[in-house]
Amino acid sequence: MNHPGLERIIDPNDATGSSYINYNDPSRCVGPYESLVEKYTTFGKKWIVVTTINQPTDAMEILCNLPGWNVVVVADTKSPKEWACGSCVYLTVEEQLCLDFDIVPAIPFKAYTRKNIGYLWAIKHGATTIFDTDDDNLPTSKQIIFESPTDSFVVFSPNETESRSINIYSHFGRPDVWPRGFPLSEINITRSVQYLPSYGSLPEPWRSTVAPPTLIQQGLADLDPDVDAIFRLTQGQELKRIKYCKASPTIRLSPGSFCPFNSQNTLFSYDSLWGLVLPISVSFRVCDIWRGYWVQRLLWDVNGSLSFTKPTVEQIRNAHEYLDDFKDEIQLYTDTSRFIDFLANWTSTSMDLETRIVELMKAMAAEKFIGEADVNLAERWVNDLQRVGYVFPKVTPYNKEEVHESIQFCHKPVQRTVDARILSKDALKSCLYEEGVVSKIQLIPEPPLDAFKNILLVVNFNTPYYSVLDSFFEIYKPYFPNIAVYGPEVPDSLTGVVQNISHNSGQVSYKTLLQVMEDYPDYKGYLYTNDDAILNVYQLATFPQDKIWKQIPVHVKDLRDRSKPERFPWRWHMPEVGHMWDDPASFTEEQRARIERFTGIKGPTDIRSYMDAVYIPRRISEELMGLYRHFLKYDVYFELGTGLAMVAVEPTENWVNWNEHYLWYDGERDRWRQHMAPGVSMIHPAKLSEPWAKEDIMRWIETVDPV
């Protein structure tokens, strides 16, 4: 019986005549021929690949007996000579040397990368799906499956370099934990995971662009997951008891986003089997992470995506020395950010994937991410895949601009049958009560129905454009039972809905706040907002209602010093503030003292602050109204009067210094949705007249994000 890579010989010293030899290297391949012949008869579509130096573990006992799965275990020089578990194929070192794979002589011994031989074995023996795992990952289910695409969400990261990486653990309830290989420079960046609608809700023309099919799926691991040595050395108290939220839906990354994934609990479909090869020129703790990153980049070129799903294994971690791991991981700590930037900008003109793989490896070697040995390995790997009959997927080159435009559209899609943000919120909330989960989720509390029952929401229109009024009511009426609207040139159709006020197109818009406090003196507080500002209602519900809510001003100027030119002259030179300061009746002595303590300036002072949203408690309303009357007397510009009045009546240590996001020019105003994040209290401007603006604002208000 003939077998590829084997040639039957007669060993004169072997009376049984049953030795075998590899015709490529007869000096290294000697052993019992029948053992490998028998293993060659094992074929199947679903394979599990493991390398080990241990006797069968509890995890292997489960894996070797999973119905419908074949298992190949790749031995190393330290592995047991005798190893048996279910119907597993156990490839001894001697047997590996007899395989007709080009990669065999290139793979070092005493290396995790011996797994590469197992991948090729499985592909040669009919694999269409490969489960890549280790012998310390204990399955918690008897099923290993790709999640349904209709159940998975799409996550995206903006094009900003510092936001390309996504810590997927946040989605599963542990934003305080990061996966091995996550850029250290981004661990403390505060940002929420940004969701597009679920896969099944995406409009068909954009589905394949922003949410291509899942070709690789990483399952999370509970208890002692794959975190880096820095986490282990600094937060060891968390280890062996980390659990992730099983209610969180499967999530896939859209092209342009990165998250590290490893060689544990990872499913590869047929069209991604080309991406299994582990690099041999980097350390054990780097090899699978580097593979994960470069494979993600090439997935974008074959219309594929990476997804993450709930924990399906418990990791009972084999013994490791953490300081040794730290030394092995140095390249991850120093090069990951640069590697991600390199991959995000790498391009190729080749239209076949085989060539792209080798080209990318050469480019990676030129940048010192890998060594030349891996370029050689990639060439051998591609050659082996072709020889065993693997069919590479077709290339559809990644187009960053097309993806970005599609994401922008799908963020306000025509179809919203299921919204990923809302479902994610519900999942995270359920995880707070999931048995055994030690959760670090911090949820912005939902405001009770009566949170604002004694607060008057004051909506100011600077111009008579009232077309967005219905949308404004629809957004805020569920939270604010009391709303008063003011604006100029009110049409007859809105009589009784909008109260007429003239404030010179908003130049003295605090006139609205003065008027409403005079008209409605009995409320506990007054939340003022312009029609083009949006408020994070859930966060506002956590603020004490007896304090000013306003970002503390930072722009202070001595009115007597005009020696330095204004960086942004705009209306800051208006003389009215000086005239007001000349009037001794404008401020009390106590008010002047408060201003001086805040500014450090004795005498006439500018305090510049914006007036697009502010909360005023009733206890200071009388004093504030007195100041506003003086400001109106001198026609003080509202952005000069706002901060000055607040500081005069209340020391800033008694303020809630909320987070205001003001968007200016260079297209920033068109990207206001990117600023809707946890911790942001107010955004200005956001035009409700834009398509889908109302829906996006409502979903931001309703969304609970981990912070």
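1. Asp335 is buried, with a relative accessible area of 15%; buried means under 20% relative accessible area, exposed over 50%, and partly exposed in between, with a 1.4 Å probe and protein chains only. Its partner in a salt bridge is Arg338, and the closest N and O atoms of the two are 3.9 Å apart. A salt bridge is a side-chain nitrogen of Lys or Arg within 4 Å of a carboxyl oxygen of Asp or Glu. Arg338 is partly exposed, with a relative accessible area of 37%.

2. This is a predicted model, in which local features need pLDDT of at least 70 and side-chain atom pairs count only at pLDDT 80 or more, while totals for chains, interfaces and linings use all residues. Residues are numbered from 1 along each chain as its sequence is written, and side-chain values use heavy atoms, with hydrogens and water left out.

3. Where do Arg338 and Asp335 lie? Both are in helix α9, three residues apart, which is about one turn of the helix. An α-helix has 3.6 residues a turn, so residues three or four places apart point the same way. Helices here are DSSP runs of H or I with at least four residues, strands are runs of E with at least two, and both are numbered from the N terminus.

4. Phe339 also has its place in helix α9. Its relative accessible area is 0%, so Phe339 is buried. Leaving aside neighbours within four places in sequence, Phe339 is in contact with Trp290, Tyr293, Trp294, Met364 and Phe369; contact means heavy atoms within 4.5 Å. Tyr293 is 46 residues from Phe339 in sequence, and their C-alpha atoms are 8.3 Å apart in space.

5. The structure holds 29 salt bridges. One of them pairs Glu329 with Arg285, the closest N and O atoms being 2.7 Å apart. Glu329 lies in the loop between α8 (322-328) and α9 (330-345), and Arg285 in helix α7 (residues 284-299), so this pair ties together parts that are 44 residues apart in sequence. Both residues, Glu329 and Arg285, are buried. They also belong to a network of salt bridges that links Arg180, Asp226, Arg285, Asp288 and Glu329.

6. Lys81 and Glu94 form another salt bridge, with the closest N and O atoms 3.5 Å apart. Because Lys81 lies in the loop between β5 (70-74) and β6 (89-91) and Glu94 in helix α3 (residues 93-96), the pair ties together parts that are 13 residues apart in sequence. Are these residues buried or exposed? Lys81 is exposed, with a relative accessible area of 60%, and Glu94 is partly exposed at 33%.

7. The disulfide count comes to one, a disulfide being a pair of cysteine sulfur atoms within 2.5 Å. Cys64 is joined to Cys88, S to S 2.1 Å, and the link is left-handed, with -100° about the S-S bond. Cys64 lies in the loop between α2 (58-63) and β5, and Cys88 in the loop between β5 and β6, so the pair ties together parts that are 24 residues apart in sequence. Cys64 and Cys88 are both buried.

8. Helix α20 (residues 638-649) has twelve residues and, at 1.5 Å a residue, should span 16 Å; its end C-alpha atoms are 16 Å apart, which agrees. The expected span is 1.5 Å times one less than the number of residues. Twelve of the twelve residues of α20 are buried, so this helix is largely enclosed by the rest of the structure.
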